[in-house]
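Visitor: I'd like to go through this one with you and hear what stands behind each term.

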Amino acid sequence: MAPWANSPDNSHNFCNPQGCYVIEFIDVHKSFDVDGRAVPALNGIDLKIEAGEIFGIIGHSGAGKSTLVRLINLLEKPTSGRVLVDNQEISASNADDLREQRRGIGMIFQHFNLLSSKTVFDNVAFPLRLAGSYSPAQIKERVGQLLARVGLTEHASKYPAQLSGGQKQRVGIARALATNPKVLLCDEATSALDPQTTQSVLQLLAEINREFNLTIVVITHEMDVIRRIGDRVAVLDAGKIVEVGAVADVFLHPQHLTTQRFVQEAENVDEADEHDAFAHVPGRIVRLTFRGEQTYEPVLGQVARETGIDFSILSGRIDRIKDTPYGQLILSVTGGNPDTALQHFADAGLTVEVLRG
Amino acid sequence: MNELFTNVDWSDIWQATQDTLLMVSGSFVFTMLLGLPLGIMLFLTDRRQLLEQRGIYTLLAAITNILRSIPFVILLITVIPLTLLLVGTSLGVQGAIVPLVIGATPFFARLVETALREVDRGVLEASQAMGATTRQIVFGVLLPESRPGLIAGATTTLITLISYSAMSGVVGGGGLGDLAIRYGYQRFQTDVMVVTVVILIVLVQILQMIGDKLVVHFSRK
């Protein structure tokens, strides 16, 4: 734990009889008035986000994900339904309560949205000055800690225009954390950054999540962002949540067509192409999925020796989902006793999918 | 020198220069004080803005447009009763300030509105998300973020006031423009006209230069 003067008190209880949720959507609908016509953006959203998790919401542009995240701090008002933050219905708050609640919800943006007329220091100090309850000495100390945490101490007196994109987003993160929020909303926070900078910003978010047990909601159109830091993910398509679950489950075994497309985009594979390529390959074609430590165990060789099968690897990848290693291989299996082999794979804890019998 | 400018009475020129400076600076102060809040209200009450109020916006926009449509010479005469009521006289420098302010305020207010519209909506959204009140957004975000645009607008307004003030001779307002019309134009004293016009050109150049320098100084983009 970093030496914070006033670390956020995220130890308190978000639990109600239904579970430990910091954000809850209960049958939320949202439509926009366009030239007198109500155009629906979100249709019946039911979603629970647990305290301390990194929750990803993925969808194509126009799927409603930006609207969804803005309902959490009431930048958008729901047309019907309820949004609870920390068990309080934010959509029913009066103006004063709403401002107070918003101080408990940090937000970072795709285009950073820093004040160009203020220095890095003053940008981070801005939410503290808005709150009006901090002395100049307290502000100086707090901003100093935050800038040190995001690695921008020596840039305190620069203006945003003098910073790189990654540095601007770090200022955004420091600003969002200034008032010790319980929740951090990230609206396409890495979409304007190059891959290397994206990596370092995601790493910073993952660290903050662990250090302060901060709940982070990540909106993105890139599956890779969710694969790197997400705990759970919801897939949004045309204003509805079509799939929700642990990132590893959704990523390795996507059910809905939209999810499958996102995963294929992330993996850079086209399944239709693959099937064509495998048409000439003899034997059974199976997909094996390894998770966790079993990824590194010599299961394939053992099973091949025991059952006398031959196999060739048609395609595959070994990577990590957040902190969990995984492997996914497509094999063609010939000779020996393939049924027993598949049974052995399953017994070893691998997920076995037969693509062609 | 004096042979070239036979008709030029340098003490008259000095007096007229002082009158112009007094008229313009006096009306500039009031134009800023009235135009800035009017411009902010125009911005805030417009569609999809923080204090969206269709009725108020339509009313303010109508008043602004009407005042800006009236030719300044006509405005000078029409507001004489109001000038009498406010400052007790419709003559001289004092008498000229009231119509100058009424003429320039809606002009400046529109420039303020335009400058505020240039502020990134995302920055306003971020401020709202941080729990800022409308007042905090106006003074902490809108005005600082649009400062270069506001300074440019104020410079343009100041120069417009100089050109308006030349017409104030119609109500006996005095100043350089008045001198140029009465001596230079009506009495064919070309030398007087040349001197006054040169002074006005120099004045405008200096003010525009200062304005531009301030804009650059406060630009952070």
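Guide: Helices here are DSSP runs (H or I, at least four residues) and strands are E runs of at least two, numbered from the N terminus. This is a predicted model, where local features need pLDDT of at least 70, side-chain atom pairs count only at pLDDT 80 or more, and totals for chains, interfaces and linings use all residues. Residues are numbered from 1 along each chain as its sequence is written, with chains lettered from A and ligands numbered from 1 in the order in which they are written.

Visitor: How do you know that the span of helix 6 of chain A agrees with its number of residues?

Guide: The expected span is 1.5 Å times one less than the number of residues. For the 18 residues 195-212 that gives 26 Å, and the end C-alpha atoms are 26 Å apart, so the two agree.

Visitor: Which residues of helix 6 of chain A are called buried?

Guide: T198(A), V201(A), L202(A), L205(A), I208(A) and F212(A). Buried takes 20 or more other C-beta atoms within 10 Å of a residue's own, exposed 12 or fewer, and partly exposed is in between, with C-beta atoms placed from the backbone.

Visitor: What makes them one face?

Guide: Down the axis of helix 6 of chain A, the buried residues fall within an arc of 120°, so they line one face; the arc is taken over directions from the helix axis to the C-beta atoms. Turned away from that side are the exposed P195(A), Q196(A), Q203(A) and R210(A).

Visitor: What is in contact with V218(A)?

Guide: Beyond four places in sequence, its contacts include I54(A), F55(A) and C186(A), a contact being C-beta atoms, placed from the backbone, within 7 Å.

Technical notes:
Contact = placed C-beta atoms within 7 Å.
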